[in-house]
Amino acid sequence: MPKKPFTIAVSGKGGTGKTTVSSLLIRSFITLGETPVLAVDADPNANLHEALGITVRETMGSMREEAFTRTIPPGMNRHDYVRYRFRQALVESEGFDLIAMGRPEGSGCYCFANDLLSECMGELERDYHFIVIDTEAGMEHIARGTIGRPDLLLIVSDPGARGLRTIARIREIATQLGLENEKIQIVFNRFRSGTAPVDIGAGHPIAVIPEDPAIEQADLSATPVSLVPPESPAWVAVRELAERIREMAQERV
Ligand SMILES: Nc1ncnc2c1ncn2[C@@H]1O[C@H](COP(=O)(O)OP(=O)(O)OP(=O)(O)O)[C@@H](O)[C@H]1O
Ligand SMILES: [Mg+2]
């Protein structure tokens with residue numbers, strides 16, 4: 001029987017490196033042979049695909065909209081149609097698949113479509129070892145429970161005071177939603193040597209990712225961040241994080 005996939009949600013305040021960490025994590029799992037990985041871009045301003053160097057034609061948001069406004073092709077019911085479109089929205093790439101959630105629905109009730117979508121996701125999930133969700137900045141997804149209850153919630157942050165306050169808020173909301181403390185882990189990103197991570201009270205960060213000129217360069221030259229040289233410091237740190245997560249997944253009962 002296939003094992004349930006291990007779901008990692010990557011959260012944090014704006015611009016802290018959620019997409020960078022997500023894409024490097026996905027690449028790391030591929031390097032570790034943990035394929036296929038499901039990449040979920042849950043940020044309405046979808047850009048995880050760019051970080052991974054692929055293109056996305058449509059999102060679940062646009063599909064959900066259409067499933068209710070368009071005439072369904074003859075011989076198909078809405079249920080089949082949504083399934084069919086879902087398969088179309090899923091981009092298959094080497095070692096990973098990607099689905100972009102797109103914009104949240106506008107007015108009107110989409111509960112029916114949403115139920116179908118989660119059903120489609122449920123069916124899909126069986127194929128994957130790891131699911132990496134790049135979430136929208138802030139706490140929306142977590143507060144609304146849209147990303148469900150992940151096996152691991154990573155909070156990407158800088159070690160500054162504001163970052164720490166955001167960590168505390170995300171942790172509080174996640175805890176209220178029933179996520180156990182050990183499933184909430186901090187990732188310090190853009191760490192510069194000489195600046196020791198401050199004491200975060202609730203244990204040590206699971207990873208400290210250095211400031212890496214190769215990441216910045218990739219951004220400047222519009223190169224997919226996941227194509228930075230494997231020996232570049234940020235990627236080395238994320239690979240170690242991926243190994244650690246793999247151990248967590250193996251220990252999971
Ligand atoms: N370790 C790093 N070293 C150098 N630059 C980095 C590092 N991590 C991220 N960056 C840069 O920081 C910027 C923001 O990163 P990223 O887009 O991953 O953040 P984000 O949290 O996903 O942002 P948003 O909230 O807008 O979705 C990018 O320009 C990226 O290249
Ligand atoms: Mg992002």
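Me: Is Arg85 buried or exposed here, and why is it put in that class?
Reply: In this predicted model, Arg85 counts as buried because 20 other C-beta atoms lie within 10 Å of its own, and 20 or more is what that class requires.

Me: Where does Arg85 sit, and how far is it from Thr59?
Reply: Arg85 belongs to helix H4, which covers residues 78–89. The C-alpha atoms of Arg85 and Thr59 are 9.7 Å apart, although the two residues are separated by 26 residues along the chain.

Me: Zooming out, how many helices and strands does the protein have?
Reply: There are nine helices and eight strands in the protein, and of its 253 residues, 40% are buried. If you take the contacts between residues at least 6 apart in sequence, 75% of them join residues at least 24 apart.

Me: What about the largest nonpolar core, and which residues have the most contacts inside it?
Reply: That core holds 60 residues, and Ile8, Leu25, Ala39, Val132 and Val238 are the ones with the most contacts inside it. Helix H9, residues 233–251, provides the largest share, with eight residues. As a general background, nonpolar side chains in soluble globular proteins tend to be buried together.

Me: Which residues does Ala39 touch?
Reply: Leaving aside residues up to four places away in sequence, Ala39 touches Ile26, Leu48, Leu52, Phe96, Asp97, Leu98 and Val132.

Me: Switching to H7, which of its residues are buried?
Reply: The buried residues in H7 are Gly163, Thr166, Ile167, Ile170, Arg171 and Ala174. Viewed down the helix axis, they fall within an arc of 135°, so they line one face of H7.

Me: And what does the face turned away from that buried side carry?
Reply: That face of H7 carries the exposed residues Ala161, Arg162, Arg165, Glu172 and Gln176.

Me: How far apart are the end C-alpha atoms of H7, and what span should it have?
Reply: Helix H7 has 16 residues, 161–176, and at 1.5 Å a residue they should span 22 Å; the end C-alpha atoms are 23 Å apart, which agrees. Just after H7, Gly178 takes a positive phi of about 95°.

Me: Last topic, ligand 1: which residues come nearest?
Reply: Of the 19 residues around ligand 1, Gly17, Lys18, Thr19, Thr20 and Asp219 come nearest. At least two residues of the shell are supplied by each of helix H1 (18–31), strand S7 (184–191) and helix H8 (213–220).

Me: What is the make-up of that shell by class?
Reply: The shell around ligand 1 consists of four nonpolar, eight polar and seven charged residues.

Note on methods:
Residues numbered from 1 in each chain as written. Chains lettered and ligands numbered in written order. Predicted model: local features only at pLDDT ≥ 70, side-chain atom pairs only at ≥ 80, totals over all residues. Near = placed C-beta within 6 Å. Helix = DSSP H or I, 4+ residues; strand = E, 2+ residues; numbered from the N terminus. Nonpolar A, V, L, I, M, F, W, Y, C, P; charged D, E, K, R; others polar. Core = buried A, V, L, I, M, F, W, Y, C linked by C-beta atoms within 7 Å. Buried ≥ 20, exposed ≤ 12 C-beta atoms within 10 Å, placed from the backbone. Contact = placed C-beta atoms within 7 Å. Expected span 1.5 Å × (residues − 1). Arc of directions from axis to C-beta.
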